[in-house]
Amino acid sequence: MTVVLRGGTVFDGLGSPGVPADVLVSGGLVRQVGPVDVPSGARVLDCDGLFVSPGFVDAHAHSDLAAFMPEPQPFKLLQGVTTEINGNCGISFAPADGPAAGLLAAALHDVVRGVEVRPMGFGAFLDAVQRARPVNHVAYLVGHGTLRLTANGPGKALAPGALDRMTRLAVEAFEAGAIGFSTGLIYPPGCYADLPELQALARAAAPYGSVYATHLRDEGRRVLDAIDEAVAVAGAGRLRLQVSHCKLAGRENHGRAGELLARIAAARRAGVDALGDVYPYTAAATMLAALLPDSALDGGPAGLPDRLADPAFRSRLREQIGGGEPGDGIWGEAEPDGILVTAHADPAVSGRTLAALAGDRDPFDVLCEVLARDPAAGMVISAMAEADVREIMSSPLIGIGSDNALPGPGPVHPRTYGTFPRLLGRYVRELNVLSWPEAIRKATSLTARQFGLRGRGTLLPGSRADIVVFDPATIGHDGSPLTPDPGVTGVLTVLLDGEPVVHDGAFTGQRRGLVLRDRPA
């Protein structure tokens with residue numbers, strides 16, 4: 001198909017100012033930017049008064065299983081996102097043996113949504129995603145937590161030979177097309193890993209020129225130590241480093257954004273290609289069990305109800321929570337009225353804050369009861385300061401990642417449906433935190449380059465024709481956890497490899513996404 005985008009303001013994705021121009025697209029590529037003589041038979045889309053940008057690249061997604069859901073899931077396309085980076089926070093859904101697949105399915109309500117998690121190798125998983133026909137492009141990291149589950153089970157100590165098996169599985173994933181590996185160092189079993197274990201995986205990744213993306217071991221009091229650990233991991237394999245969802249969590253840490261950014265800049269000066277990403281919200285979302293110390297989940301989530309029923313065990317947890325040390329859990333990062341339970345097996349619990357559930361009772365006791373009834377429950381937790389979010393967002397080293405869940409019933413963080421429109425509507429148009437060219441760069445080429453997505457993230461002759469057309473006067477999203485998807489405004493057209501997949505703000509029904517592999521399977 002040949003398409004001409006006529007008369008918009010065109011942004012190249014590199015941070016240059018927008019220019020009035022036409023865009024000629026043919027054969028999946030951008031052929032011309034400037035005055036265009038319309039070829040015979042071309043489809044012409046009027047972009048007068050609109051912005052034309054490279055399709056957005058989500059640096060941090062959890063849409064790993066979206067293609068397997070019963071219906072197409074265009075929740076990212078409708079934001080203008082054309083490519084997602086999945087497999088983050090140490091969580092991928094391959095390579096997994098039977099027990100690991102069962103643990104993943106049981107522990108992750110918000111990112112599984114009832115999809116069957118089957119044991120398979122990494123290459124087989126990527127093949128299955130492609131057969132399922134994703135609606136947007138997807139690239140995958142292999143998760144350290146999944147590697148550890150498959151090689152070692154959910155326990156804390158590594159069995160003899162387990163690390164060797166983990167590295168072999170990682171190499172198989174890189175050969176199959178994984179673009180790097182990720183860690184989630186507040187989640188079991190990733191939280192049990194020491195530095196030598198992680199560096200062994202980095203060295204296995206070294207021949208592939210991969211990325212190391214990390215949910216840091218601490219995003220509060222010890223955040224600088226956690227960044228230093230991440231730099232040491234990446235440095236062991238000369239890998240590019242992506243610090244996921246950069247934040248300063250907990251009131252005592254508010255105002256320290258400059259320290260975090262300085263540490264990332266120092267890593268770059270020391271020779272590590274370090275970047276980060278952020279989402280435009282002051283609330284995070286994760287598993288409710290992350291409030292507890294790591295020791296609560298040693299051995300896996302299945303035994304958590306029995307452990308929490310033991311008064312002595314619960315008493316030990318109470319003494320440890322909120323200590324501010326890595327492994328102590330994130331209980332101290334928010335007040336009970338800032339912890340909203342989302343996915344839970346009991347609908348009467350979902351959508352209520354811990355404070356509301358507790359009433360006059362002790363909130364920690366109620367937390368333990370809620371988790372005993374559903375160890376895989378999720379939460380939205382208000383833990384960050386607006387000033388820190390803005391400062392982090394303003395750094396030229398920080399891109400944009402949604403950290404989404406999958407769509408489903410009930411409460412969910414609105415970032416799933418609205419990260420990119422909110423960035424542009426609130427933080428560019430309304431608050432002037434970023435300029436249009438810089439915000440678009442952060443949402444496109446910065447992330448595409450970091451993850452090695454050749455030909456994507458720019459709008460230049462020869463680029464892949466992943467393009468979004470939006471109205472700068474109306475783009476936005478006003479979701480909340482209890483009303484997460486009121487609808488995106490202002491995103492009008494999205495092209496995926498030159499084919500319209502969103503037209504007049506609506507999904508066309510075409511499933512044209514590709515699995516972007518770092519190397520052929």
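**Cavities and a pocket**

Modeller: The second largest cavity holds about 120 Å³ of space. It is lined by 17 residues, with Ala66, Ala67, Gln73, Val135 and Asn136 the closest to its centre. This is a predicted model, where local features need pLDDT of at least 70, side-chain atom pairs count only at pLDDT 80 or more, and totals for chains, interfaces and linings use all residues. Residues are numbered from 1 along each chain as its sequence is written, and side-chain values use heavy atoms, without hydrogens and water.

Biologist: Why is a space called a cavity, and why a pocket?
Modeller: On a 1 Å grid over the protein atoms alone, a cavity is called that because a 1.4 Å probe fits at its points but cannot get out, whereas a pocket is an open set with protein on both sides within 12 Å along at least five of seven lines; lining residues have an atom within 4 Å of a point. Grid points are joined across faces, edges and corners, and a volume is the space filled by probe spheres set on the points.

Biologist: How many cavities of 30 Å³ or more does a search of the whole structure find?
Modeller: Three. The largest has a volume of about 400 Å³, and its 28 lining residues include Ala107, Tyr187, Pro188, Pro189 and Met287, which lie nearest its centre.

Biologist: What is the volume of the second largest pocket?
Modeller: About 230 Å³. Of its 14 lining residues, Arg251, Gly332, Glu333, Ala334 and Glu335 are the closest to its centre.
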